[in-house]
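Here is a report on one protein chain. Keep the sequence and the 3D view side by side as you read.

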Amino acid sequence: MKIHEYQGKELFRRYGVPVPVGEAAMSVDEALAAVPRVQKAAGTDIVVVKAQIHAGGRGKGGGVVVAKSKADADKAIRSIFGMKLVTHQTGPEGKVVQRLLVEQGLAIAHELYLGITLDRTSGRVTIMASREGGMDIEEVAASHPEKILKEFLHPALGFQAYQGRRLGFRLGLDAKQVTALVKLLTSLCRMFDEMDCSLVEINPLVTLKDGGIMALDAKVNFDDNAVDRHPELAAWRDLSEEDPSEIEAKKFDLSYIALEGNIGCMVNGAGLAMATMDIIQHYGGQPANFLDVGGGATTEKVTAAFKIITHDPAVKGIFINIFGGIMKCDTIANGVIAAVKEVGLKVPLVVRLEGTNVELGKKLLQESGLDLHAAADMADGAKKIVELAGGAK
């Protein structure tokens with residue numbers, strides 16, 4: 001689960017992480033009214049108007065504007081609110097800006113990068129930092145990985161102050177700033193643990209000309225599997241920023257992720273789903289989604305999954321690949337039949353069934369009158385759906 005920058009900063013404040021004075025606004029009028037309040041509270045006429053979307057690269061896309069007066073701020077607010085903001089993370093379709101953050105301007109000395117996430121190679125929560133903060137951190141990580149500093153946290157001991165001091169001095173901070181960084185990291189690591197975060201990122205973390213440090217940005221993601229432990233997060237969820245198909249999938253406890261291909265996939269089991277996507281690409285196709293119906297799916301759940309796939313206009317073919325263990329093949333067959341009768345079938349459908357009640361499942365599909373193609377095995381199914389969906393790319 002993702003939240004907006006202004007929500008992340010509210011969470012930062014709760015844990016004592018220093019952030020700029022700012023106000024969130026859900027309309028142009030709210031943003032216009034916020035400007036003089038922020039100017040007064042911060043003691044400066046300079047404010048920054050920031051688009052609030054679930055994507056990075058907002059500055060390069062024109063979604064962040066530094067305004068040196070109220071008139072400049074008003075102009076920026078009217079320009080940014082409602083715009084379609086396109087960044088390297090939104091894709092060409094972009095996202096419409098429906099929320100703004102009006103924030104104080106700061107006298108910045110240097111921009112740093114700071115992030116906390118789970119490193120799956122080491123199996124440990126990891127702090128990452130770099131002197132090269134700002135909008136091009138992805139390029140720095142790709143071309144100069146040695147500039148990304150890391151500290152791995154012991155699972156029993158957690159963050160230790162010496163790790164913060166080591167990072168601070170390697171980042172070139174002075175003694176006062178190193179002390180401030182240790183305090184900030186202590187708070188962030190506690191937040192990461194207590195709130196079941198999957199990512200906490202500050203880009204940039206800035207050093208100020210008065211010698212302080214401050215989180216100028218806040219990107220916070222939460223582990224979806226732990227969100228139920230934090231009911232207060234429900235109010236922060238912005239459904240307009242999420243894929244409607246993924247929202248629908250969550251209602252039925254389906255594991256669904258939209259991708260950029262044209263072959264819809266329905267599979268049971270995450271491992272088989274990954275293998276299915278791999279073999280589709282092996283034969284030149286591109287999967288349109290990851291969709292795992294799970295081991296104990298019902299007919300209703302399978303029907304919902306099929307509807308989600310067919311609602312994607314990019315899908316030119318569907319591959320159902322089921323190995324029945326706990327999941328029974330006749331349950332899949334009944335779900336597919338029910339879904340097709342309700343929404344129709346306008347693209348080729350290839351079905352591969354193996355395992356529990358496979359003969360019954362195949363019989364149900366054969367007697368249903370559906371226009372489908374049976375596959376002898378996974379490779380045969382992948383070849384057929386790639387060809388039927390338009391051939392290898």
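## Contacts and overall build

Take the contacts between residues at least 6 apart in sequence: 68% of them join residues at least 24 apart. The model is predicted. Its chain has twelve helices and 18 strands.

Along its principal axes, the C-alpha trace spans about 75 × 50 × 40 Å. The chain holds 393 residues, and buried residues make up 49% of them.

## Distance in sequence and in space

Two pairs show how sequence and space can part ways. S198 and I116 are 82 residues apart in sequence, and their C-alpha atoms are 8.2 Å apart in space. D210 and G271 are 61 residues apart in sequence, yet 53 Å separates their C-alpha atoms.

Where does S198 sit? It is found in strand β10, residues 197-208. Leaving aside neighbours within four places in sequence, S198 is in contact with I116, T117, L118, F192, N221, F222 and D223. S198 is partly exposed, at 32% relative accessible area. D210 lies in the loop between β10 and β11 (213-215). Its relative accessibility is 60%, so D210 counts as exposed, since the cut-off for exposed is over 50%.

## The largest pocket

How many residues line the largest pocket? There are 44, and E242, D243, E246, K250 and Y256 lie nearest its centre. The elements that give two or more residues to this lining are β5 (95-96), α7 (244-251) and β13 (255-258). The pocket has a volume of about 1800 Å³.

Sort the lining by class. It has 17 nonpolar, twelve polar and 15 charged residues.

## The cavity

Rolling a probe the size of a water molecule over the atoms shows where empty space is left. A search of the whole structure finds one cavity of 30 Å³ or more. The largest cavity has a volume of about 30 Å³.

Ten residues line this cavity. Nearest its centre lie N262, I263, G285, V386 and G391. By class, the lining has three nonpolar, six polar and one charged residues.

Start with helix α5, residues 161-170. Its buried residues are Q163, G164, L167 and G168. Why do they fall on the same side of α5? They cover an arc of only 135 degrees around the axis, which puts them on the same side. An α-helix has 3.6 residues a turn, so residues three or four places apart point the same way. What covers the buried residues of α5 includes β8 (124-130), β9 (149-152) and α6 (175-194). After the helix comes G172, with a positive phi near 85 degrees.

Now turn to α7, one of the elements in the pocket lining. The buried residues of α7 are S245, I247 and A249. They pack against β13 and α9 (299-310).

## Backbone details

Which residues other than glycine have a positive phi? Two examples follow: D196 and D253. Phi of D196 is about 55 degrees, and phi of D253 is near 60 degrees.

Both residues sit in loops. D196 lies between α6 and β10. D253 lies between α7 and β13, just after α7. Are they buried or exposed? D196 is buried, with a relative accessible area of 16%. D253 counts as exposed, at 62% relative accessibility.

The peptide bond from N203 to P204 is cis, with omega near 15 degrees. P204 is found in strand β10, the strand that also holds S198.

## A buried aspartate in a helix

Is D74 buried or exposed? Its relative accessibility is 18%, so D74 counts as buried, since buried means under 20%. Leaving aside neighbours within four places in sequence, D74 is in contact with L32 and V35.

Technical notes. Residues are numbered from 1 along each chain as its sequence is written. This is a predicted model: local features need pLDDT of at least 70, side-chain atom pairs count only at pLDDT 80 or more; totals for chains, interfaces and linings use all residues. Side-chain values use heavy atoms; hydrogens and water are left out. On a 1 Å grid over the protein atoms alone, a cavity is a set of points where a 1.4 Å probe fits but cannot get out, and a pocket is an open set with protein on both sides within 12 Å along at least five of seven lines; lining residues have an atom within 4 Å of a point. Grid points are joined across faces, edges and corners, and a volume is the space filled by probe spheres set on the points. Helices (H or I, at least four residues) and strands (E, at least two) are DSSP runs, numbered from the N terminus. Ala, Val, Leu, Ile, Met, Phe, Trp, Tyr, Cys and Pro count as nonpolar, Asp, Glu, Lys and Arg as charged, and the others, Gly among them, as polar. Buried means under 20% relative accessible area, exposed over 50%, partly exposed in between (1.4 Å probe, protein chains only). Contact means heavy atoms within 4.5 Å. The arc is that of the directions from the helix axis to the C-beta atoms.
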